[in-house]
Amino acid sequence: MIIPLKKCTKKGDPYQRRTEIEDILSELDTLAYDQLVARLTCPNTPVPFEILIYYLRHSEIRFSQQHLQPVFTTFYNRVESALYRALAPAHFAHTASICDEIMDKLFEMIAHERNSQSDNMYYWEVNFNHALSNFRTDVLKIIGPARKTDPLINYHPLMREDEEGTVLHPEVEAAAERFFNPNPSLLDDESFRLCLMEAINTLPEDEKRVVGLFLQGMQIESLNPEVMTIAKALACTDRTVRNRLSRAHELLRTQLQKEGYDEI
Amino acid sequence: MKFKSEASKEAVLHAFSKENNRNAETLASYLKRYPEYNESIIDLSIELLTAPSFDKLSTESQSDEKSKKAWLTFQSMLSPDDPASAMSQNIANPLSEMNTLQFKELANDLNVTRLFLSRIRDNAVQVSTIPAQFIKLLAQHLKLPIETLQEILTAPPEIAAGQRFKASGKPSAGQKVTFDELLATSGLSESQQVMLKAMKD
């Protein structure tokens, strides 16, 4: 039987995992321990991290050392390699120690979860990427290189007071939109994507929201009043949206060129 | 009222984070349905967008040494009743720690021969064939959880300390026997065998 998430809404409805995760768990639930471990540790068809964390954090599954150790090792190796590759160049000098720190804290948390049979890590089974990303950010805040060296941290937008009235040159606006609609092959490049996303996270809040919505495919404006637009979502004019997008473009372009993406 | 609204915000954000196909349309539908949480939904959508895809990034590395060390550290943090903990591998067998008198008394209490009990003590019997009722009874006498006793008895067969061998070869523990084989070869009386057979499920 699959162990449900203990976390419930105030109405008493239990929280759910993603459907694809529930489906895989149902399939695995029918296997004997040996087959199950073989499937969880198979390098050719790796299971999602949400599945591995399920089998690691629930001691109720009663995995013995013989069964848990290979699952642990697979999880350990995969998380470690992903963390190494996901760290931005700004952290390269400290990569090994940062990864070790994140891993140590993560496994302490999993051990605590097994010992107390609590459900503090329920979200890791729902959206592992988001949970690990937040966890990594928390650890970096404590041990990461001082953020004052970040070129964007002291940035103060110069045109904030009159951003409504500022009309940028159409070419500047077009360049910004082109920048955020890059060649798909560029976004498929995982290391470029990581650099871009990391840089977006350092933008001032207003610019970050505009860029974030734009990259998710939301339109800046629409003649159809039924359509959700960035301007509506952020309760501002489309002029403001364009101005923020152009400012973000400038900041991100500078940042990415420093990382070696000169053609941007 | 404020409390109620906070809780439902959490549920809305949870629902959004577990959406299988998040895109502008999904986001727009949430923003329309829950305008009161617009800002939080937008910020969450951006966090999810910018989070690295750890599944895609991961590869099986070869740092065997490091992962083994990490495993031992992890294992040492687990509580002793966790079946994967280092401790659970080393739970002392209380039957082995009894003195002769205690062992004899326990055999009497259980109405079995000492030979029968010693073969159970030495893990010479396949645990899956021992009736649950007998395991429960033995666990009660030893004041152990049933699962713990089962784990202890699942370990490989042992050669009892102090046992003497006249053979010229090095003594080794043999294959585990079934409960039925144990009944037939442990010097039990007929009534004892009937009583033990009756415990079978």
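The legends below describe close-up views of a predicted model.

**View 1. Packing of helix 10 against helix 13 in chain A.** In this predicted model, helix 10, spanning residues 190-200 of chain A, packs against helix 13, spanning residues 238-258 of chain A, with an angle of about 135° and with the two axes 10 Å apart. Because angles over 145 degrees would count as roughly antiparallel and those from 65 to 115 as roughly perpendicular, helix 10 of chain A and helix 13 of chain A are classed as oblique to each other. The crossing that these two helices of chain A make is right-handed.

**View 2. Residues that meet between helix 10 and helix 13 of chain A.** From helix 10 of chain A come Cys195(A), Leu196(A), Ala199(A) and Ile200(A), and these meet Leu252(A), Gln255(A) and Leu256(A), which belong to helix 13 of chain A.

**View 3. The side of chain B that touches chain A.** Chain B contributes 46 residues to the contact between the chains, and chain A contributes 57 residues. On the side of chain B that touches chain A, at least two residues each are supplied by helix 1 (2-17), helix 2 (24-33), helix 3 (38-50), helix 4 (54-57) and helix 5 (64-77) of chain B. Among the elements of chain B, helix 3 gives the most to this side, with 8 residues. The residues of the side of chain B that touches chain A divide into 21 nonpolar, 17 polar and 8 charged.

**View 4. The helices of chain B.** The secondary structure of chain B consists of 12 helices and 0 strands, so that, read from the N terminus on, its elements follow the order α-α-α-α-α-α-α-α-α-α-α-α. Chain B has 201 residues, of which 23% count as buried. Among the contacts in chain B with a separation of 6 or more, 60% are accounted for by residues 24 or more positions apart.

**View 5. Pro43(A) in a loop of chain A.** Pro43(A) lies in the loop that runs between helix 2 (33-40) and helix 3 (49-57) of chain A. Pro43(A) counts as exposed because it has 10 C-beta neighbours inside 10 Å, where the cut-off for an exposed residue is 12 or fewer. Although Pro43(A) and Thr74(A) are 31 residues apart in sequence, their C-alpha atoms are 8.5 Å apart in space.

How values were computed
Residues numbered from 1 in each chain as written. Chains lettered and ligands numbered in written order. Predicted model: local features only at pLDDT ≥ 70, side-chain atom pairs only at ≥ 80, totals over all residues. Axes fitted to C-alpha atoms, helices over the stretch in contact; angles between N-to-C directions. Helix = DSSP H or I, 4+ residues; strand = E, 2+ residues; numbered from the N terminus. Parallel < 35°, antiparallel > 145°, perpendicular 65-115°, else oblique. Left-handed = near helix turned anticlockwise from the far one by under 90°. Contact = placed C-beta atoms within 7 Å. Nonpolar A, V, L, I, M, F, W, Y, C, P; charged D, E, K, R; others polar. Buried ≥ 20, exposed ≤ 12 C-beta atoms within 10 Å, placed from the backbone.
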